[in-house]
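Me: Got this model open on my screen and I'd like to go through it with you. Can you take me around, one spot at a time?

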Amino acid sequence: MPGRITFLLLALTLLLTACRAAIVEKHFNLTWVNANPDGLQERKVIGVNNAWPLPVLDVNKGDRLIVHVYNDLETTTSSIHWHGLFQNSTNEMDGPSMFTQCPIVPGESFTYDFTVDQSGTYWYHCHTDNCYPDGERQALVVHDSDAWFADQYKEEFAVTVSDWYHNMVEDITFLDLSKGQRRLPSTSSTMLTWIAALSPTGAEPIPDSFLFNDTINTKISVEPNTTYLLRIINTGAFVAQYFYIEDHNFTIVEVDGVFTEPEEASVLYVAVAQRYSVLFTTKESTARNYGLVTIADQVLLDGIPDTLVLNQTNWLQYNPSASFDAVNVTLNIVDENPGFDDYSLVPYDKEPLFENPTKVINLTISMGILDNGKPYAFFNDQTYTRPKVPSLYTALTAGEEATNEAVYGEYTNSFVLNHLEVVEVVLTNNDGGSHPFHYHGHNFQVVSRFPSYGEDFYSLSDDVSPSAFDPNNHTAFPTYPIRRDVVVVPPMGNVVLRFIADNPGVWAFHCHIDWHMRQGLAATFIEAPLEMQKRISVPDDHFAACKAAGISYEGNAAANTKDYLDLKGQNKPARPVPAGFEARGIVALVFSCIAALVGLAAIAW
Ligand SMILES: [Cu+2]
């Protein structure tokens, strides 16, 4: 009898779980909309169903999310990536163009359909070249009544912080989106034609302002003596931001969809694409309002125009009739309070360190110029150059040869991983700037970082060569390393990540500074291709999108379907500049020539 009762209870639990899982179905008609979110300039943005900001997606863990996209943008291709969602067994729904799908050209439809088996704070954004800085991004929140902190707060808020540009991406001078290229992703076009040199260093475009919830001067109404959950998402294209609440501490409970042991903090450093959830408790008194403060990380900016305001105050509104004052801030906050070190977080599930990696991928980051004079970014001196066929479709049509890295092309930074192996990625940053790296389809353990986050984080910026990770001589890895899906690699330093290749699929590994992604700071991890062939099936409308775009959906990286090892015709990057003529060399040469001429002129005079 007790056995039967247990069985009935189990059946009831399963039934209740199934009933709770809903189908959330949306129709996203992508349209141009005019918006003026910072009050400084109206501009065209990518809206959904003639509205912008885009709809926040709220789902429950276990829900099936179906989004029917129609591209009504007329001039611009698109796609949607569901940032942080694993898409286990639905790799074809991940969204990055030329990794797992073709770009959706104007007039085409494309349906994303997947089950959300995670909980926490996510976001969705366009993943076809530089398209999300034009506004196609928004929060995606997965609620979970079983979260360990679910009964500790009364109400929750999701807020986005982001940089903002007044110009359309195609008009931003950093990149020369040669007329019509963005709308015509022909098989012969490469990224090369899209990038033009502005400065030899390839300085990133400076934003015009910073937004909070896609606007400014936001007020979040709170009651006294109450605990809230605040989700913070950086949906920007480039700039990391510091975040704090005036005179309130908070407790970190989630990072990038991973629940953490509670950790008190006063300032967060949120790089683009990163997320934090914090609990905070309001004060007893409603006498005044308190600022929600954001400060852009000015270290990332090559120049700060007088018109650019780095800090913003939004408010916790205790009292609508009290004043709303801007908080006085220290802009170089890093010197006073560098923000919480995410490396010190412990995942709530206490998943131990993944031991004994059987695959180690060493990637050295660098920035430089190729012989067309344009700035690029490199992994191991190789800039990512898109294949002619989305890499997933190559994997699915290559048969046994799908396990051979060669079929994915020479210029896609492709790595084939074995099913369920422990993979270690060692990132060495041979660049004087920091980079937020994202891996699709996974959380990785952050097992080492040097210099550690804090006041020394930027200390190696001016070094001539990077500090490499030494596998035989390093500080002990954490017992329970934090897992997340975006990690910041310090200037001229290194980061070591580990994950289990438990998600057969093609997953992009890239810098989330959108300008750097465009410059080729990306790799393609091809996870368990033979297993992928058994599990992944691509719906017809995804192939139809390829047909409409004129892109092949079978064959190797060169779209060769006969001989997968023949890559003749694959897209190629520009060539390296001849030895001795690298970027810094050219600048030095120009300056020394000018100096010599000035010197000669002085003598002649
Ligand atoms: Cu980067």
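Me: Which side chain does the side chain of glutamine 87 make a polar contact with?
Reply: That of threonine 90, at 2.8 Å. A polar contact here is a pair of N or O atoms within 3.5 Å; within protein, one must be able to donate a hydrogen and the other to accept it, and residues adjacent in sequence count only if both atoms are side-chain atoms. Keep in mind that this is a predicted model, where local features need pLDDT of at least 70 and side-chain atom pairs count only at pLDDT 80 or more, while totals for chains, interfaces and linings use all residues. Residues are numbered from 1 along each chain as its sequence is written, and side-chain values use heavy atoms, with hydrogens and water left out.

Me: OK. Is glutamine 87 buried or exposed?
Reply: Buried, with a relative accessible area of 4%. The cut-offs are under 20% relative accessible area for buried, over 50% for exposed and partly exposed in between, using a 1.4 Å probe and protein chains only.

Me: Where is glutamine 87 found?
Reply: In the loop between strand S5 (81-83) and S6. Helices (H or I, at least four residues) and strands (E, at least two) are DSSP runs, numbered from the N terminus.

Me: And what is glutamine 87 in contact with, leaving aside its neighbours within four places in sequence?
Reply: Trp82, Met93, Asp94, Phe114, Asn503 and Trp507. Contact means heavy atoms within 4.5 Å.

Me: How many bridges join S1 to S2?
Reply: Six, and strand S1 (residues 23-35) runs antiparallel to S2. Valine 33 is opposite valine 45 in S2. Two strands pair if DSSP finds at least two bridges between them.

Me: Switching to the metal. Which protein donors does the copper ion have?
Reply: His435 (ND1), Cys511 (SG) and His516 (ND1), at 1.9 to 2.1 Å. Their spacing along the chain is H-x75-C-x4-H. Histidine 435 lies in strand S24 (residues 435-439) and cysteine 511 in strand S29 (residues 505-511), so the pair ties together parts 76 residues apart in sequence. Donors are N, O and S atoms within 2.8 Å of the metal (3.2 Å for Na, K and Ca), and water is not among the atoms, so sites may look incomplete.

Me: Are histidine 435 and cysteine 511 buried or exposed?
Reply: Both are buried, and cysteine 511 has 0% relative accessibility.

Me: How many disulfides are there in the whole structure?
Reply: Two turn up, a disulfide being a pair of cysteine sulfur atoms within 2.5 Å. Cysteine 102 is joined to cysteine 546, S to S 2.1 Å. The torsion about that S-S bond is about 95°, so the disulfide is right-handed. The link spans distant parts of the chain, 444 residues apart, from the loop between S5 and S6 to helix H5 (residues 540-549).

Me: And which cysteines form the other?
Reply: Cysteine 126 and cysteine 131, with sulfur atoms 2.0 Å apart. At -100° about the S-S bond, their link is left-handed. Both cysteine 126 and cysteine 131 are buried.

Me: Last one: how many residues of strand S18 are buried?
Reply: Seven of the seven in S18 (residues 290-296), so it is largely enclosed by the rest of the structure. Tyr290, Leu292, Thr294 and Ala296 are on one side, with Gly291, Val293 and Ile295 on the other.

Me: Which strands does S18 pair with?
Reply: Strand S13 (residues 241-245) is joined to S18 by five bridges, antiparallel. Strand S19 (residues 311-317) also pairs with S18 in the antiparallel sense, over six bridges. Isoleucine 295 has tyrosine 242 opposite, and in S19 its bridge partner is asparagine 311.
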